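Trainee: Can you walk me through this one? I have the sequence and the structure open.

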Amino acid sequence: MEEKNKTRKRNPLINPPKGPKFNVYWIYGIVVVILIGLNYFPFSKSSKLISFEEFNQNMLQSEDVEKLVVVNKEYSEIYIKKDRLSEDKYKDVATTNFNTLNPGPHYKFKILSVDDFTKRLDQAESEVIKKDPTYQRIGVYPENQADWLSLLMTWILPILAFVAIWYFIMRRMTGGVGGAGGQIFNFGKSKATLFDKNTKVNVTFADVAGLDEAKAEVMEIVDFLKNPKKYTALGGKIPKGALLVGPPGTGKTLIAKAMAGEAQVPFFSISGSDFVELFVGIGASRVRDLFRQAREKAPCIIFIDEIDAIGRARGRNFIQGGNDERENTLNQLLVEMDGFGTDSHVIILAATNRPDVLDSALMRPGRFDRQISIDKPDLVGREQIFKVHSKHIKVAKVLDMQKLAAQTPGFAGADIANVCNEAALIAARKGKKEVEMSDFQDAIDRVIGGLEKKTKIISKEEKKIVAYHEAGHAICGWFLEHADPLVKVSIVPRGVAALGYAQYLPKEQYLYTTEQLIDGICMALGGRAAEEIVFGRISTGAQNDLERITKMAYAMITIYGMNAKIGNLSYFDPQNEYGFQKPYSEETGRMIDQEVRLLVERAFDRTKNLLKEKRNELEALSQELLQKEILFQQDLERLIGKRPFDIKTKEEEEAAIAENGTTEQAEEQEKKEEVLIPSVLKNPETKIA
């Protein structure tokens, strides 16, 4: 049976092989090839150019000429009698390229003028008549022939070249051949991709982790379309649109893909930049065509990714041209979403990471009734994302996802996916059969600090400066109460220009007090302060620290109102309402600059005083860094003691005992409840292979 099936599959009569699809351009190519072939390989041989004297002596005097044709008063074509072509002297022109009798013309010669040609021909024929009185003069026929090659090169080829260039540009602007909007006169058609029941999408809601609230909102939208009576029975209306808002990499497009994969209704996907074209009116035309297709497929969902490409606030850019086209596209989108001809069974889903630049008319209820905020995941969310992405790689059985989540604060879903991929590549590079915890930690270091460059040549003096610089950061983070606790410090070069690297464990919080921000500034100044104290000079290694300090100090004074002299004022302008003008006077600007300098100077003095007080600890930590290059939290505890702010006071211990029993019982209860952050602060157990 198997042999029969193989024979049946291979039989060309039953299953003929599929050839290439027919394309109209093949015909054009064949025509061009034929024309080129006729030009280089004509049917008949081209007439041979001779002089008038040769014509007279060899042909006219022997009475071999049948007729003459004067072409365009420029040259004369000679036709030899058929019965004379068999002679040896005409063997070169007797036959064509296909070995058939050549009908002529066989020869040609140039003439100066018609009068001169007539006079010379009469004289030559008079000589023939003297020899043979029965000779009959040959016929001379004037003829005007068009020079098709010259005409082609002068007129037709430039026109064809212009048409080809225009056609190429139109195809490039309209996305090429294939799909809606691909043809040259259909660039006003929508370029949205349709996902329906017949389209297989591999992403489901199971692949979306750490976004439970956003996932529930999106799943409810799908349920609106599946069971509308469930919601309209009480008088409610189905939402017309939902806007996914969040930083890059948090999973906005991933949620849309999962929605397309699990929705049982047609799903149109398009990018905001697909509406913007060079020609005026194309964007509005594509919006109309998109919603026309959506109404035909209703109930359905339209997903517009990066909607800020066409949804920017109107009237802020005074440059004419492209801005007008974008505004026309936005106006058409506003009308289609909530106008006289809208359909309640078409739901708009859009995503952007810049909601501050969107037009207020687009954001209002009735168009986007819901704004689904997708922030960076918290501790639990990061753990779930690690579990989802670790399914696709071979990980070790003993792998603490909670510790990985704790060591990646501020990471988005895309960052975590990158960490998992880098961990797999690192493990494969080391020849391992499974990805271990150390590989994940190496991947985290690489994502945060960049590629480790152990072969980078650094002088002993520079290495010593880097060691004291990083030790200054570590000491400040260790002995400042509101600073983030240190997890790891390294002086191994990473990235493009990073000669040192320190990793901290920030708290999961959304509000920061003045004391926390000032301690953060002091910790960032720790490296430069250590250089000045130890070496009496400073280096360029604090560039990144100074950038963060400057932004933080100006934000405290101009945005958060954390300065007594400036007062409770905020000059934050996310929508650029003030344009190029500052929302305060020049005097206030000078006052802000003075307060920022004063704030940073006080923090720098405080940092230097702290490092002078802890000079022994600074020296011990720097020398250890020069020897080992990488230190962890337990190394700092061994060298300079435990962090004083992690030790509980008697009142806190008594409160804990009163609440949970003895100290041992409280520790066991913490382990059972998996309170992660305190345990990591006490013992991070970070290792680098």
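Mentor: We will go through the sheet, the helices and a few local details of this predicted model.

Trainee: Fine. What is the strand order in the open sheet of 5 strands?

Mentor: The order is β1-β4-β3-β2-β5, and the pairing is mixed.

Trainee: What does pairing rest on, in general?

Mentor: Strands of a sheet pair through backbone hydrogen bonds, and they may run parallel or antiparallel.

Trainee: Which are the edge strands?

Mentor: β1, residues 48–49, and β5, residues 139–143; each has pairing on one side only.

Trainee: And how many bridges join β2 to β5?

Mentor: There are 5 bridges, and the two strands run parallel. Strand β2 covers residues 65–71.

Trainee: Which strands does helix α3 lie across?

Mentor: Helix α3, residues 52–60, lies across β2, β3 and β4, at about 160° to β2. Helix α4, residues 114–131, lies across β2, β3, β4 and β5, and its angle to β2 is about 165°.

Trainee: Back to α3. Which aromatic pair do Phe-52 and Phe-55 form, stacked or tilted?

Mentor: Tilted: the ring centres are 5.7 Å apart and the planes are at 55°. The two residues are 3 apart in helix α3, so about one helical turn separates Phe-52 from Phe-55. The structure holds 9 aromatic pairs.

Trainee: Now the loops. Where is Lys-73?

Mentor: Lys-73 sits in the loop between β2 and β3. Its phi is positive, about 60°, although Lys-73 is not a glycine.

Trainee: What about the peptide bond from Gly-104 to Pro-105, cis or trans?

Mentor: It is cis, with omega near 0°. Pro-105 belongs to the loop between β3 and β4.

Trainee: New topic. At what angle do α16 and α17 pack?

Mentor: Helix α16, residues 460–479, and helix α17, residues 514–535, pack at about 135°, and their axes are 7 Å apart. Over 145 degrees would count as roughly antiparallel, so at this angle α16 is oblique to α17.

Trainee: Is the crossing left-handed or right-handed?

Mentor: α16 passes α17 in a right-handed crossing. The residues in contact include Tyr-468, Gly-472 and Cys-476 of α16, and Met-523, Gly-527 and Phe-535 of α17.

Trainee: How many nonpolar, polar and charged residues does that contact have?

Mentor: The contact of α16 with α17 has 9 nonpolar, 6 polar and 4 charged residues.

Technical notes
Residues are numbered from 1 along each chain as its sequence is written. This is a predicted model: local features need pLDDT of at least 70, side-chain atom pairs count only at pLDDT 80 or more; totals for chains, interfaces and linings use all residues. Side-chain values use heavy atoms; hydrogens and water are left out. Axes are lines fitted to C-alpha atoms, for helices over the stretch in contact, and angles run from 0 to 180 degrees between N-to-C directions. Helices (H or I, at least four residues) and strands (E, at least two) are DSSP runs, numbered from the N terminus. Angles under 35 degrees count as roughly parallel, over 145 as roughly antiparallel, 65 to 115 as roughly perpendicular and the rest as oblique. A crossing is left-handed if the near helix is turned anticlockwise from the far one by less than a right angle, and right-handed if clockwise. Contact means heavy atoms within 4.5 Å. Ala, Val, Leu, Ile, Met, Phe, Trp, Tyr, Cys and Pro count as nonpolar, Asp, Glu, Lys and Arg as charged, and the others, Gly among them, as polar. Two strands pair if DSSP finds at least two bridges between them. Rings of Phe, Tyr and Trp (its six-membered ring) pair if their centres lie within 6.5 Å; planes under 30 degrees apart count as stacked, over 60 as edge-to-face and the rest as tilted.
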